[in-house]
Amino acid sequence: MKAAAWQTKPSWYIISADDRTVNPDMQRAIAQKINATTRTVPGSHMFILSQPALVAAAIIEAAQQIGA
């Protein structure tokens, strides 16, 4: 069996600070388990729709870190 990508490749995780669906502490634990670079943003579970500029900035930052 091959390794999951998060085991061999850099990972990033955006934590939504005001999430009522997935507790932010759980999100932090997940991010820590996969050794992800994290960014915490204000907002609820659907911050990806309400704050697309923050999501885009995180994606650009990740791409720059890996040299994409």
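I began with Asp 25 and Arg 28, which are three residues apart in helix H2 and therefore separated by about one helical turn. In this predicted model, I found that the two form a salt bridge, with their closest N and O atoms 2.9 Å apart. I also looked up the accessibility of Arg 28, which is partly exposed at a relative accessible area of 39%.

My search of the whole structure returned two salt bridges, and I turned next to the one between the side chains of Arg 39 and Glu 61, where the N to O distance is 2.2 Å. This pair links distant parts of the chain, since Arg 39 lies in strand S2 and Glu 61 in helix H4 (residues 52–66), 22 residues apart. I noted that Arg 39 is partly exposed with a relative accessible area of 26%, and that Glu 61 is likewise partly exposed, at 28%.

I then followed the strands, and found that S1 (residues 12–16) pairs with S2 (residues 37–41) in the parallel sense over five bridges; Ser 16, for one, has Val 41 as its bridge partner in S2. Together with helix H2 (residues 24–33), S1 and S2 make a right-handed β-α-β unit.

Last, I looked up the largest nonpolar core, and recorded its five residues as Tyr 13, Ile 15, Ala 31, Ile 34 and Ala 36. Leaving aside residues up to four places away in sequence, I listed the contacts of Tyr 13, which include Ala 31, Ile 34 and Ala 36 as well as Gln 27 and Arg 39.

Key
Residues numbered from 1 in each chain as written. Predicted model: local features only at pLDDT ≥ 70, side-chain atom pairs only at ≥ 80, totals over all residues. Heavy atoms only, no water. Core = buried A, V, L, I, M, F, W, Y, C linked by side-chain atoms within 4.5 Å. Buried < 20%, exposed > 50% of the residue type's maximum accessible area, 1.4 Å probe, protein only. Contact = heavy atoms within 4.5 Å. Pairing = 2+ DSSP bridges. Helix = DSSP H or I, 4+ residues; strand = E, 2+ residues; numbered from the N terminus. Right-handed = clockwise from strand over helix to strand, strands pointing away. Salt bridge = Lys/Arg side-chain N within 4 Å of Asp/Glu carboxyl O.
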